[in-house]
Amino acid sequence: IDDKVIEFRRSEFVGPTISNELFINGLKAVFFAIIAILIYIWFRFEWHFGFGAVIALVHDVFITLGILSLFKIDFNLSTIAAILTIAGYSINDTVVIYDRVRENLRKYKKTELLSLLNLSLNNTFSRTIMTSLTTLIALFSLYFLGGEVIKSFSFTMIIGVIIGTYSSIFVATPILK
């Protein structure tokens with residue numbers, strides 16, 4: 001028998017109490033992030049822009065959480081970080097489109113609102129799609145080559161970027177009608 005000592009360098013176990021606490025704190029973090037974003041949008045734009053942005057943001061978070069539960073992805077700290085990152089990514093995308101709407105409202109005062117929204121979306125569409133595609137390329141690389149530790153983060157981000165792009169175009173802008 002060898003006299004070698006086996007040393008455990010790392011052991012992880014998350015019990016039900018800590019898991020519940022993690023879930024509650026994660027929901028609180030997402031809730032407070034959405035409130036902070038609402039306040040930012042309210043000061044930056046008018047209230048109906050803020051309302052549309054927050055509806056799109058809540059849409060992104062809930063759809064992403066629904067897909068995570070559908071695929072039974074672990075809800076851990078990296079997932080919470082991904083959800084908060086998705087909130088920032090989504091609001092940035094929406095703000096870019098809303099900025100163009102606001103510019104076009106000043107520029108084309110006599111244009112019908114629906115035509116103006118369509119023009120604003122067309123002006124920002126290539127930027128929105130190219131940003132999403134380049135982000136997805138990086139995220140797919142992380143998912144397939146990044147290892148097990150970052151898999152839930154990158155999967156959550158992939159879903160969030162797709163849903164966030166969708167909501168910026170098809171949820172946030174139509175709410176302005």
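This is a predicted model: local features need pLDDT of at least 70, side-chain atom pairs count only at pLDDT 80 or more; totals for chains, interfaces and linings use all residues.
Local features need pLDDT of at least 70 and side-chain atom pairs count only at pLDDT 80 or more, while totals for chains, interfaces and linings use all residues. Residues are numbered from 1 along each chain as its sequence is written, and side-chain values use heavy atoms, with hydrogens and water left out.

The protein has 5 helices and 0 strands (DSSP runs numbered from the N terminus, with helices being H or I of at least four residues and strands E of at least two). With a radius of gyration of 20 Å, well over the 16 Å that the globule rule gives for 177 residues, the protein is more spread out than a compact globule (the radius is taken over C-alpha atoms, and the rule is 2.2 Å times the number of residues to the power 0.38). The C-alpha trace spans about 90 × 30 × 25 Å along its principal axes.

Helices H2 (residues 47-70) and H3 (residues 77-107) pack at about 150°, their axes 9 Å apart (axes are lines fitted to C-alpha atoms, for helices over the stretch in contact, and angles run from 0 to 180 degrees between N-to-C directions). That makes H2 roughly antiparallel to H3 (angles under 35 degrees count as roughly parallel, over 145 as roughly antiparallel, 65 to 115 as roughly perpendicular and the rest as oblique).

Thr 165 sits in helix H5 (residues 151-175). At 8% relative accessibility, Thr 165 counts as buried (under 20% relative accessible area, with exposed over 50% and partly exposed in between, for a 1.4 Å probe and protein chains only). Leaving aside residues up to four places away in sequence, Thr 165 touches Tyr 89, Asp 93, Thr 128, Ile 129 and Ser 132.

Notes
Contact means heavy atoms within 4.5 Å.
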